[in-house]
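Student: I'd like a close look at one part of this model, with the aromatic residues as the way in. Could you take me through it in one go?

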Amino acid sequence: MTSEGRSTFEVSGKIKFQLLLWYKDPVLFFREVFKVDPYPYQEKIIKEFPKLKRIMISSASDSLIGSRCVPIRHQGKIEFLKLEDLFQRSKKHLGGYIEHGDLNGYETLGGDGKWHRILRIQRHWYDGKVYELREPKGRTIVTPNHSVYDDSNDLTTPKDLKSLKTICPAQGTNSTVRICLEYPVENDFYFRPPKEYLRHDRWNKNRMVRAVKHYKERLKVTYTRETLRALLRFFASYISEGSAIVRHVHDKSTGKCYLRYYVSITQKDKRWLVQVLNDVNKFHHGTYRAILRHKKKYWQLVIYGKLLYEMVVKYCGKKDAKRIPDFLFSLAPEYQRVFLKQYSTGDGNIYSSYWRIRVSLPNLYYGIILLAKQAGFNISLEEETRENDPFKGKRKYWQIRSTHFYHKNKLSKRILDYSGYVYDLEVEGIHNFVDAEGLILVHNTGKTFLLAVIALWSALVKSFVENRKYQVVILSGSREQAERVYEYIREALTSNETLYPLVVTEKGKPKILKSYVEFVNGSWIKTFARALTSVQGVHANMVIVDEAAQKELDFFIKDTLRIVPEDGVIILSSSPHEYNCEFVRRWEDLTNYPEYDPKEHPDGWRRYNWTA
């Protein structure tokens with residue numbers, strides 16, 4: 001259907017019936033089109049906004065403190081980053097009360113256990129109290145106004161929380177691993193130089209010159225079944241009890257120096273090390289030399305070989321940068337349990353009904369938590385500080401223990417003083433994310449998502465049922481923020497079979513542009529950046545100004561009365577940015593901008609205020 005022929009468009013009876021249901025129940029539209037359940041504050045606004053003309057939404061951005069870690073997937077690699085470090089990786093927009101950064105290609109875990117794209121991270125300075133919430137299954141530290149999920153999946157404040165909610169990440173399905181390694185090689189070869197490089201009086205034209213060619217050899221090996229189990233047991237042994245070392249060695253006989261690469265694993269149990277060496281024989285395809293020797297109270301397995309060294313360093317790291325191999329998180333649970341069992345025999349204990357692992361590195365701590373939850377284990381976490389560690393002196397340790405149940409009412413709360421930045425994440429398609437310590441589920445505001453629901457319901461459902469054109473304008477301080485609202489709309493249109501036929505087509509395809517979409521009845525949704533020329537001459541039935549608490553948007557907020565007719569709808573929405581701005585003045589001025597009352601002030605402003 002082309003735009004020229006939209007006047008003859010006939011909506012089918014099935015589509016009419018569905019639109020009528022959504023018109024009567026906007027919350028049902030929210031659930032069925034956007035495929036998520038609204039949270040209490042969202043549901044309240046969705047129910048009330050159809051009868052309102054003036055709306056102001058203020059949402060706080062309190063969240064987690066900067067030292068809390070979240071699981072991150074970027075370019076196939078899984079990391080556990082502090083929020084303050086993640087912000088430094090973003091494309092930062094500094095200045096103002098709230099600073100934010102755009103992230104490209106970064107994902108984090110949501111409440112459904114799946115990876116979701118992070119749209120942006122934001123922060124603001126906070127001086128005050130924070131809540132440390134701790135249970136055997138996890139811990140987090142949030143501001144008093146930040147919403148946290150309880151065990152029944154309800155949102156509540158830290159003050160009223162009874163029990164923390166932890167998620168179960170989606171399990172992997174892979175049963176094979178492909179290892180790819182590149183290592184440098186030197187080969188002698190001979191070549192005949194070009195004539196211009198030869199001096200005829202001293203060189204023979206046919207003389208061959210000897211040189212050394214440097215290149216990289218690539219090794220690709222696929223492991224499965226028993227060889228994969230052997231590889232996982234070796235990696236677990238190395239991470240728990242091993243080290244990768246490269247040393248300069250001087251050969252006295254030749255007078256030359258060269259590098260020696262080797263992997264060393266130390267344990268009290270000699271039989272355990274012999275089993276590790278047997279596993280190396282099963283999976284390793286390169287040459288190596290192994291020595292098993294007794295050193296004081298311990299046995300030490302030393303394996304010389306550059307290929308093996310390169311393998312453990314690439315996939316497991318070394319020293320304080322050790323980590324769980326990334327491919328392990330995509331393997332089936334049976335292989336993950338092989339790794340955890342071997343790790344617990346190396347640096348932990350195995351008992352008849354449970355296992356226990358002890359770690360001292362944060363990356364390993366968070367990695368094992370994620371891996372154990374993926375493998376189907378319930379876990380409890382403990383923290384201890386050793387004053388006189390025989391190897392490291394004073395050091396913090398964490399214990400991860402499998403368990404069959406959690407003790408109820410074991411939630412402890414501590415109120416701490418905090419001065420610094422607090423952070424929040426905006427995650428695509430979902431309004432929550434997890435703290436890496438126990439995968440504790442926390443919530444973000446979801447304001448942008450809510451505005452998308454209001455815009456699409458008005459431009460489509462309301463316009464078709466009331467049989468009139470309805471135009472929606474979305475304004476923001478930046479085009480990126482306005483298009484972020486529009487992106488939710490575009491995803492909903494392309495994934496819903498009821499709404500998809502209502503979009504104007506061009507050459508047989510729905511015409512859904514980057515910042516504009518038009519429907520067959522003449523309604524449309526457009527996004528605009530903060531530019532005077534962009535909104536000149538624009539008129540619409542509804543105007544949405546997102547992140548309105550900025551002085552640069554004062555003119556546009558005043559200009560909304562020109563954009564909409566007398567019965568038009570104006571929605572101003574923002575997190576705290578600047579105090580001296582038009583949004584805050586209207587929020588506080590109840591004389592000139594009275595609160596909505598159906599009898600006394602039917603055209604008044606309905607103010608909604610919620611925390612994260």
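Student: Is F339 buried or exposed, going by its relative accessibility?

Tutor: F339 is buried, because its relative accessibility is 0%. Keep in mind that we're looking at a predicted model. F339 also has a ring partner: together with Y343 it makes an aromatic pair, with 6.1 Å from centre to centre and 45° between the planes, which puts the pair in the tilted class. Y343 comes out at 2% relative accessibility, so Y343 counts as buried too. Both residues sit in helix α8, which runs over residues 333-346, and because they're 4 residues apart there, about one helical turn separates them.

The structure holds 24 aromatic pairs. One of them joins W22 and F29, and this one is edge-to-face, with 5.4 Å between the ring centres and 75° between the planes. W22 has 1% relative accessibility, so W22 is buried, and F29, at 0%, counts as buried as well.

F29 belongs to helix α2 (residues 26-34), where the buried residues are P26, V27, F29, F30, V33 and F34. Look down the axis of α2 and those buried residues fall within an arc of 155°, so they line one face of the helix. Just past the end of α2, K35 takes a positive phi of about 60°.

Elsewhere, ring pairs tie Y223, F234, F235, F283, Y315 and F327 into a cluster. R289 lies over the face of Y304, 4.5 Å from the ring centre, while R401 lies over the face of Y354, at 4.0 Å from the ring centre.

Zooming out to the whole protein chain, there are 14 helices and 32 strands. Take the contacts between residues at least 6 apart in sequence, and 68% of them join residues at least 24 apart. As for the surface, the protein chain exposes about 29900 Å², and carbon and sulfur atoms supply 48% of that.

Key
Residues are numbered from 1 along each chain as its sequence is written. This is a predicted model: local features need pLDDT of at least 70, side-chain atom pairs count only at pLDDT 80 or more; totals for chains, interfaces and linings use all residues. Side-chain values use heavy atoms; hydrogens and water are left out. Helices (H or I, at least four residues) and strands (E, at least two) are DSSP runs, numbered from the N terminus. Contact means heavy atoms within 4.5 Å. Accessible areas come from the Shrake-Rupley method with a 1.4 Å probe; for residues, only the protein chains shown count as cover. Buried means under 20% relative accessible area, exposed over 50%, partly exposed in between (1.4 Å probe, protein chains only). The arc is that of the directions from the helix axis to the C-beta atoms. Rings of Phe, Tyr and Trp (its six-membered ring) pair if their centres lie within 6.5 Å; planes under 30 degrees apart count as stacked, over 60 as edge-to-face and the rest as tilted. A charge sits over a ring if NZ of Lys or CZ of Arg is within 6 Å of the ring centre and within 35 degrees of the ring normal.
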